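Biologist: I am new to this structure. Please take me closely through a single part, the sheet, and then go on to the backbone around it.

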Amino acid sequence: MEDLRIIDAHAHLWLRQEAVVDGKRITPLPDGRCDFMGEERQMLPPFMIDGRNSAEVFLSNMNYAQVSAAVITQEFIDGNQNAYLREVERRWPERFLVCGLCEFRTPGFLEEAKRLVDEGFRGIAIPAHRLPLAPGRRVWLNSPEMMEMFRLMERNGVILSITLADGDKQVGEMEEVIAECPALKIAIGHFGMVGVDGWLRQIRLARHDNVMIESGGITWLFNSEFYPFPGAVRAIREAADAVGFDKLMWGSDYPRTITAITYRMSYDFILKSAQLTDIEKRAFLGANACRFYGFRDPVELPYIKNMSE
């Protein structure tokens, strides 16, 4: 497809993945594996033997797959990577937009958010699906401290990258946030957790002018059917029918998804689908993200022929 610039709206980087979630530890093991809350899991492709998920390796994947730029979001399960990501964006500002992470699970995160804004982070990530939801412990997205942070972000043009709990558990709270901060740019991740009851309620949040949906992890959500993920294509079409193609963005959820598929495969099923037009593919794979995140002149990358071709 001519003049296609691909932007990845949901990826992760870390130097060392070490965290505690719900009282359970997450620590790296050899050969790309991880002790994930007491269970051994393949967190990285097995050739990433040192547990490092570095920008250099990701750039090699991006260059090979002809992905011009990526948004690096954060997750509690990876540990706080603010210091590393600040350096990543300093070194490759044309290739990465990075999101800072605060300790949202306990009060007092507003001061941390203020520091991130002062340090020049262009986005802040909230892994809201991992916030405590139990009665008496629940962290509300519309709490006074959260709302003050969102107003701070709105004033400073800082983007919110957020992944919500399954279904519509937090949709009402997000409606309040959107009403209070109509100029706050919001990207909702994991394609609304498509396949879970209530997922379209998350998608419909993008009916608001300042809200977009990104598809990070959609190949994982449809992993059981595998490439070329026909169910994922149908879900993208259904979401577009609800909010329009101009509200949807591609995301890979790199590197976790490439334990099952290659990085190029995480978008290639879109590019080769007969169910989407070229205009829709161009919007979904890059044009919408360029507009939303402000990538002004994404790098053009050549196709390099494989030895196996």
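Modeller: First, the terms. Strands (E, at least two residues) and helices (H or I, at least four) are DSSP runs, numbered from the N terminus. Two strands pair if DSSP finds at least two bridges between them. This is a predicted model, where local features need pLDDT of at least 70, side-chain atom pairs count only at pLDDT 80 or more, and totals for chains, interfaces and linings use all residues. Residues are numbered from 1 along each chain as its sequence is written, and side-chain values use heavy atoms, without hydrogens and water.

Now the sheet. It is open, with 4 strands in the order S2-S3-S4-S5, and the pairing is antiparallel. Strands S2 (19–21) and S5 (39–42) are at the edges; each has a single partner strand, so one side of each has no neighbour in the sheet. On average, neighbouring strands are turned by 25° against each other, direction ignored (axes are lines fitted to C-alpha atoms, for helices over the stretch in contact; angles run from 0 to 180 degrees between N-to-C directions). Between S3 (24–28) and S4 (33–36) there are 3 bridges. Pro28 has Cys34 in S4 as its bridge partner.

Next, the backbone elsewhere. Most residues other than glycine have a negative phi, and most peptide bonds are trans. Tyr227 to Pro228 is cis, with omega near 10°. Pro228 sits in the loop between helices H7 (218–221) and H8 (230–243). Phe229 lies in the loop between H7 and H8 too. Its phi is positive, near 50°. Phe229 is buried, at 1% relative accessible area (buried is under 20%, exposed over 50%, partly exposed in between, with a 1.4 Å probe and protein chains only).
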